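Please have the sequence and the 3D view at hand while reading.

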Amino acid sequence: MATSKGTNNYNRQQWESAEFPIVCQTCLGDNPYIRMTKEKYGKECKICLRPFTVFRWCPGAKMRFKKTEICQTCSHLKNVCQTCLLDLEYGLPIQIRDMALKIKDDIPRSDVNKEYYIQNMVSDLRKTLIEVFCKYFCISKGEDSDLLMKLARTTPYYKRNRPHICSFWVKGKCRRGEECPYRHEKPTDPDDPLSDQNIKDRYYGVNDPVAAKLMKRASAMPKLEPPEDKSITTLYIGNVPAFITDDDLRDHFYQYGEIRSIACIPRQQCAFVEFIKRADAEVAADKTFNTLILGGRRLNIKWGHTQGRQSISTPPTTLSAPPIPPGFSAPGRMEEKVTSLGLGEAEELESQFCA
Amino acid sequence: MPKIRKTKKKAPEGWELIEPTLEELEQKMREAETEPHEGKRKVEALWPIFKIHHQKSRYIFDLFYRRKAISRELYDYCLNENIADKNLIAKWKKQGYENLCCLRCIQTRDTNFGTTCICRVPKGKLEEGRIVECIHCGCRGCSG
């Protein structure tokens, strides 16, 4: 009779079997010794509804047992953990990651369409995996992953693995008392938008409240506005480690455009980088603001004020450069003045900048 | 109605001394069997059965091995009539298993990873002052 699991594969959804789960670090927990059970065709995938191999383990003491919720195919298609459906690289919701990396994914959501799509993906698994690799790994090494890196957590968030709230305790009827493995805590506010999340919405990257919250946080992050005065092409750089030299800075900043001059003041742990073109300076500011780390320290990038290094954004007490003698409109034009005024003045200025 | 006898033989001497207690335990068992399951977990409904079964076997075991108050004949009679569980008593004679709650808790084939039940872990080894009630028989720790 054609009733065994293996019969009638033609144009049908293949049941999935796997050897090892695709799971992120937080879901696995803090204990390096884990015992995991494997159940072939244990449950239906929450997204594509095919039976798949379910892995189940305990992510640490006093944690609830976690198991894989979606099948490996679905998790490959989005490059996410099988249990928490967060990105494997950044640990961020699919919606945020796709927005930042500008990935447009058209996985159909309705029944037969979805089955057909998944079926095609499964039938040529190698090709699928190559496509996925190109999509998520080649792109994310580019520039747009900066936002994602800033939003990503640095340490694992084990609170996700805690047991659910004891609903009996909430009603006052928990008879298990001390022995109860569920949490005896106040449940989260039902008005909180984070409390109604839906696995399908989270997977397709639509309507995800966590993503919305992160986006608000992202837009609230400090941004560096270019100054109105269009002739300012100088960037002030703070928190410069003492051993960083002009050349180090030049090596980094030359990629944004031609540098007019670099001056660094190791005593004040700051430096000034001036570009010839304003556009280059803006690009440099965008790319390095809050992201550039040199010598182990994150550099504090700000715009310089007015032409010349007269007043600076941070405490100006010890650092006020002498007022520019008349006849000098911009330090950049020093070259032509040098020839007319002689070397003496130029040397004096130089020594003041790079003391 | 009086309990069904397995063999045709009459009870040996000394039976009348232990019969009232055994009858009481039987009565408790019948009550446990007919209790409604409301308000209890699925597994919790079976715990009294295991508890009373343990109590019955314990009574006979204590009478013979500890207090030596009954004869070998009477003891064998109780085992043959299945008043006490002879497999459970066999475990009680082993070192470390003197207080074993039930036979399910040492059955490694029943667990996912081939271990015994959590109630078999001595309280000293079980850190964090954790209270456990094993799912098989509701035992809170039967070793150590």
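In which helix of chain B is Glu19(B) found? Glu19(B) lies in helix H1 of chain B, which covers residues 15-34. The model shown here is a predicted one.

**Charged patches**

Glu19(B) belongs to a negative surface patch, formed together with Glu13(B), Glu16(B) and Glu73(B). A positive surface patch is formed by Arg153(A), Lys213(A), Lys216(A) and Arg217(A). Of these residues, Arg217(A) is found in helix H9 of chain A, residues 209-219.

| Residue | Relative accessible area | Class |
|---|---|---|
| Arg217(A) | 46% | partly exposed |
| Glu19(B) | 35% | partly exposed |

The class follows from two cut-offs: buried means under 20% relative accessible area and exposed means over 50%, with partly exposed in between. Arg217(A), at 46%, therefore counts as partly exposed. Glu19(B), at 35%, is therefore partly exposed as well.

**The sheet in chain A**

Chain A has an open sheet of three strands in the order E1-E2-E3, and the pairing is antiparallel. Strand E1 (36-44) and strand E3 (66-67) of chain A stand at the edges; each has a single partner strand, so one side of each is left without a neighbour in the sheet. Strands of a sheet pair through backbone hydrogen bonds.

Strand E2 of chain A, residues 51-57, pairs with E3(A) over two bridges in the antiparallel sense. Which residue in E3(A) does Arg56(A) stand opposite? Opposite Arg56(A) is Lys67(A).

Methods:
Residues numbered from 1 in each chain as written. Chains lettered and ligands numbered in written order. Predicted model: local features only at pLDDT ≥ 70, side-chain atom pairs only at ≥ 80, totals over all residues. Heavy atoms only, no water. Pairing = 2+ DSSP bridges. Helix = DSSP H or I, 4+ residues; strand = E, 2+ residues; numbered from the N terminus. Patch = residues over 30% accessible without salt bridge, like charges linked within 9 Å, V, L, I, M, F, W, Y side chains within 5 Å. Areas by Shrake-Rupley, 256 points an atom, 1.4 Å probe, with all protein chains shown as cover. Salt bridge = Lys/Arg side-chain N within 4 Å of Asp/Glu carboxyl O. Lys, Arg positive; Asp, Glu negative; His and termini not counted. Charge placed at Lys NZ, Arg CZ, Asp CG, Glu CD. Buried < 20%, exposed > 50% of the residue type's maximum accessible area, 1.4 Å probe, protein only.
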